[in-house]
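Hello,

Here is the structure you asked for. My notes on it follow below.

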Amino acid sequence: MRILIVEDDAALARGIVSSLRLGGYAVDHLSNGADVAHLLRQDVFALVVLDLGLPDQSGFDILREIRRAGLQTPVMILTARSAVADRVRGLDLGADDYLTKPFDPAELEARVRALVRRGSGHPDPILSCGDLVYDRSSQVATLCGKTLPLRKRELAILESLMTRAGKVVSKDRLISEVFGYDEEISPNAIEVYIARLRRCFGESGPRIVTLRGLGYLMESNAVEAGQ
Ligand code: CA
């Protein structure tokens, strides 16, 4: 899942970016508001973390622009302004959450996880597909109760496929959700991760079907057993 951070305080932005990357998210950072709506139209972001006091414009104006454009990406406002009037204004303009600086990174991460889950249409942290279970809070995937040795990116792809199990997910969408702009992506990166997921699932696990030119589709192993 991919997150956009809009924050002009460089040190704070670095801290947020690195902690969310450790949490398995693809993260992009902008230090001003000019390109926010443009980026959101171009790519699939699961969340925007938006500072209110930016050098070129107010976060409120950006939020208004995003919502007027019909963009539904969840937005969490991050700001030093703690006045109730500001919180109310932010929420009324279409923000989904509001966190006041200074904050505990653990709280930021937990709120991010909750907003991303809700935005994906699966508020429960536990995703399941047949015997495959992925706990997005602890980032542990198990198949028939056994933990799978998956790395961050593989888990990100797994999450993307599991939230849309039974539906086709295009390769472009996977790339957009799993990698940030500044990351080098080899042409066959997604294939490599998918191959590794298939190896981990083995014969008895769910299947990841390749639909040439369309994308990938995850099928539960329980379907054929008639469950
Ligand atoms: Ca600021």
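Which domains does the domain assignment of the protein chain give? It gives domain 1 (2–119) and domain 2 (126–224), with bounds taken from an automatic or database domain assignment.

Two remarks on the source. This is a predicted model, in which local features need pLDDT of at least 70 and side-chain atom pairs count only at pLDDT 80 or more, while totals for chains, interfaces and linings use all residues. Residues are numbered from 1 along each chain as its sequence is written, and side-chain values use heavy atoms, with hydrogens and water left out.

The C-alpha centres of domain 1 and domain 2 are 27 Å apart. Domain 1 puts 15 residues into the contact and domain 2 puts in 14, contact meaning heavy atoms within 4.5 Å. Between them the two domains bury about 1,200 Å², of which 43% is on carbon and sulfur atoms. Buried area here is the accessible area (1.4 Å probe) that two parts lose on being put together, summed over both. Of the area that domain 1 buries against domain 2, 40% is supplied by Arg-2, Val-44 and Arg-117, more than any other three residues.

On the side of domain 1 that touches domain 2, the elements giving two or more residues are α1 (10–22), β2 (26–30), α2 (36–42) and α5 (105–119). The largest share, three residues, comes from β2. Helices (H or I, at least four residues) and strands (E, at least two) are DSSP runs, numbered from the N terminus.

The strands

An open sheet of four strands runs in the order β6-β7-β8-β9, with antiparallel pairing; two strands pair if DSSP finds at least two bridges between them. β6 (126–129) and β9 (146–147) are at the edges with a single partner strand each, so one side of each has no neighbour in the sheet. Thr-142 stands opposite Thr-147 in β9.

β11 (residues 207–211) and β12 (residues 215–219) pair in the antiparallel sense over five bridges. Ile-208 has Met-218 in β12 as its bridge partner. The two strands form a hairpin with three residues between them, and Gly-213 in the turn has a positive phi of about 80 degrees.

Regards
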